[in-house]
Amino acid sequence: MSDEVDAVVERVRERVTPGDDERAALQAIADRLTERAEDAIASLPVDAHVVRVGSTARGTWTAGDRDLDLFVCFPPELDREELEEYGLSVGHAVLPAGHEEYAEHPYVKGTVDGYDVDLVPCYDVADAAAIQSAVDRTPFHTRYLAERLDETLAADVRVCKQFMKAIGVYGSDLRTEGFSGYLTELLVLEHDGFRPLVEAAAAWTPPVAFDPADHGRESFDDPLVVIDPTDPERNVAAVLSATQLATFQHYARELVAEPRADLFEPSESEPVDAETVRAWFERRGTTPVAVRFDAPDLVDDQLWPQLERSLSGVTDALNRRGFDVLRSAAFADETAVLLAELEVAERPTVERHEGPPVHVRDHAEGFYEKYAAADATGPYVDGDRYVVERDREFATASAFLRSDALSNVALGTHVASALEAEYEVLVGEAVASLAGEFGVELADYVDPKP
């Protein structure tokens, strides 16, 4: 079977390796933008230099990718305000039609001749353990890998990236929670190739840990730990979720067991229509509920953690109230949606509430006195405890979601603000109306893949 894997990998390798013309075009645009940056630096009152980082600097980008990352390295004694000022000055000089975005500090992003270019300021620190900004590590990553990746390993990195993109686990953004480019490169390097990596991954039992430089000083509670060879206190795989790691393992086993090229081909689900969604929930006998609101104006890495936190808060609250969430999901485009599929949509109007054991005198008497005067059944004794049957606060999930109590669950800050402004609750068949905006997302919901 290994020969079959090799044959598939070789075909993919040929397809994802940039040709000479693509390499030359990239080099030309990189040289031109670097020269622009150096000219802009010359007018500043500080010394700085430009380095190309990322996959194009390491020769690990896949054919057709058109991302270019240039870092401007400033002296470490420069204060943060000056770093930002000078960095943006160079960025706008290089990318006059660009716009500012913000990671740990602002940088300029733009498009030149079809290439997506990031111009990022950083500190030129002596080593990665002395960073003053998270991006300061990046030049060290490029240097470390450039010294160790030969063309054969670089080609295997490209194959691995294509595999991860196809199965949906590539990307360290907080929506994907997958494998970063740097993590992918380190794993291929650690295993001396793509095939050894997938064969090993197929048998991993998380947590799995690697320390390429054998210098780790911290312990991490993550399913995959790869100690940064340039920083002994950092796990490169910290963003990777258990779900994405398990997905990678699933498809690694598929590739080893049944090698085929379509495992390297990304595919997007065909959007479903409202009738398909309605009929699907009806067949299952569940009740979908959704909270829909205007999506907060945030970049994805700020928006998605807030959506996930809010979804968890809402589903926890529904479960505590006995509505039993079977599955849930968050969607976002112009609007944002927190969707929960319920096994129970309506509960009795009364609920059983147990008090303390009768022999715990102070608490028991307090409980008895509180409910003896209340409009409830009881208190009565059942076993050794007082019990009362009181009115349930919310007999239906929709009543809870439409109430002020929704604002008391754990929500992301901007999501809470959006809900304060306005939101709608969709229940049952009404959820099918989401197919107009979220047809692809609902297709993935009704037909989930590993």
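Before you click anything: the model is predicted, with local features needing pLDDT of at least 70 and side-chain atom pairs counting only at pLDDT 80 or more, while totals for chains, interfaces and linings use all residues. Residues are numbered from 1 along each chain as its sequence is written, and side-chain values use heavy atoms, leaving out hydrogens and water.

**Whole chain**

The C-alpha trace spans about 80 × 60 × 45 Å along its principal axes, and the chain holds 15 helices and 14 strands. Helices here are DSSP runs of H or I with at least four residues, strands are runs of E with at least two, and both are numbered from the N terminus. Of the 450 residues, 47% count as buried (under 20% relative accessible area with a 1.4 Å probe, protein chains only; exposed is over 50%, partly exposed in between).

**The largest core**

Select Phe163, Phe179, Leu224 and Phe248. These have the most contacts inside the largest nonpolar core, which has 42 residues. A nonpolar core is a set of buried Ala, Val, Leu, Ile, Met, Phe, Trp, Tyr and Cys residues joined through side-chain atoms within 4.5 Å. Elements that each supply at least two residues include helix 1 (2-16), helix 6 (151-167) and helix 9 (242-257); helix 6 gives the largest share, seven residues. Apart from this core lies another, of 32 residues, among them Val289, Leu303, Val314 and Ala405.

Now centre on Phe248. Not counting residues up to four places away in sequence, Phe248 touches Phe163, Met164, Ile167, Val169, Phe179, Leu197, Val198, Ala201 and Trp204 (contact means heavy atoms within 4.5 Å).

**Helices 8 and 9**

Next, show helix 8 (194-201) with helix 9. Their axes come within 8 Å and cross at roughly 115 degrees; axes are lines fitted to C-alpha atoms, for helices over the stretch in contact, with angles from 0 to 180 degrees between N-to-C directions. The two helices are therefore roughly perpendicular, a label covering 65 to 115 degrees (under 35 is roughly parallel, over 145 roughly antiparallel, the rest oblique).

Jump to the open antiparallel sheet, ordered 9-10-8-14; two strands pair if DSSP finds at least two bridges between them. Strand 9 (325-332) and strand 14 (424-427) are the edges, each with a single partner, so one side of each has no neighbour in the sheet. The twist averages 15 degrees from one strand to the next.

Zoom in on strand 8 (287-294), joined to strand 14 by four bridges; here Val291 stands opposite Val425. Strand 8 also pairs with strand 10 over eight bridges, with Arg292 opposite Val337. Six of its eight residues are buried, so strand 8 is largely enclosed by the rest of the structure.

Last stop: helix 15 (435-446) lies across strands 8, 9 and 10, running at about 150 degrees to strand 9.
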